[in-house]
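Welcome, and take a moment to look over the fold below. We will walk through it together, one part at a time.

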Amino acid sequence: MLKQLDCDCFKIKEEKRKPIVFHKGLNTVLGTSLADNSIGKSTLLFAIDFCFGGKSYLDQKFPDHLKKQTFKYVFEFENIEYYFERNTTTHNEVWRCDSNFNRIEKIELDEFKSFLFNQYKIEIPYLTFREIL
């Protein structure tokens with residue numbers, strides 16, 4: 001499961017926010033009690049998709065300062081944490097990292113998606129990981 005997501009573009013009142021931590025079970029993305037728009041709910045969902053190997057984030061009409069981003073994220077499977085980094089500039093590659101997000105090994109996006117497919121133990125024939133998502 002996706003356990004943590006971090007990016008310099010995630011801010012609270014112009015300050016970089018702490019990494020977003022996901023919990024087992026249902027996680028929700030909520031706006032403010034004032035029902036404000038343009039506070040990043042959709043951006044977060046596109047970023048999550050990007051961490052799962054998607055490319056929809058790249059198609060969004062973001063301001064220039066949001067177009068080139070690096071996402072650092074953690075997946076956990078069977079109590080083992082896996083650290084990755086992927087950026088929008090070289091989006092067809094993913095970096096496997098250590099727990100401090102120092103790059104260890106570059107892998108192709110398709111290899112990363114195969115890793116997720118295997119870790120989720122999906123046994124649905126004739127569907128790719130992205131089709132299931």
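A disulfide here is a pair of cysteine sulfur atoms within 2.5 Å, and the structure holds zero of them. For C51 the closest cysteine sulfur is in C7, 8.8 Å away, again too far for a bond. C97 is buried at 5% relative accessible area, and C51 is buried at 0%; buried means under 20% relative accessible area, exposed over 50%, and partly exposed in between, with a 1.4 Å probe and protein chains only.

This is a predicted model, in which local features need pLDDT of at least 70 and side-chain atom pairs count only at pLDDT 80 or more, while totals for chains, interfaces and linings use all residues. Residues are numbered from 1 along each chain as its sequence is written, and side-chain values use heavy atoms, leaving out hydrogens and water.

Strand β5 (residues 70–77) has six of its eight residues buried, so it is largely enclosed by the rest of the structure. Strands pair if DSSP finds at least two bridges between them. β5 and β6 form a hairpin with two residues between them, and E78 in the turn has a positive phi of about 50 degrees.

Terms used:
Helix = DSSP H or I, 4+ residues; strand = E, 2+ residues; numbered from the N terminus.
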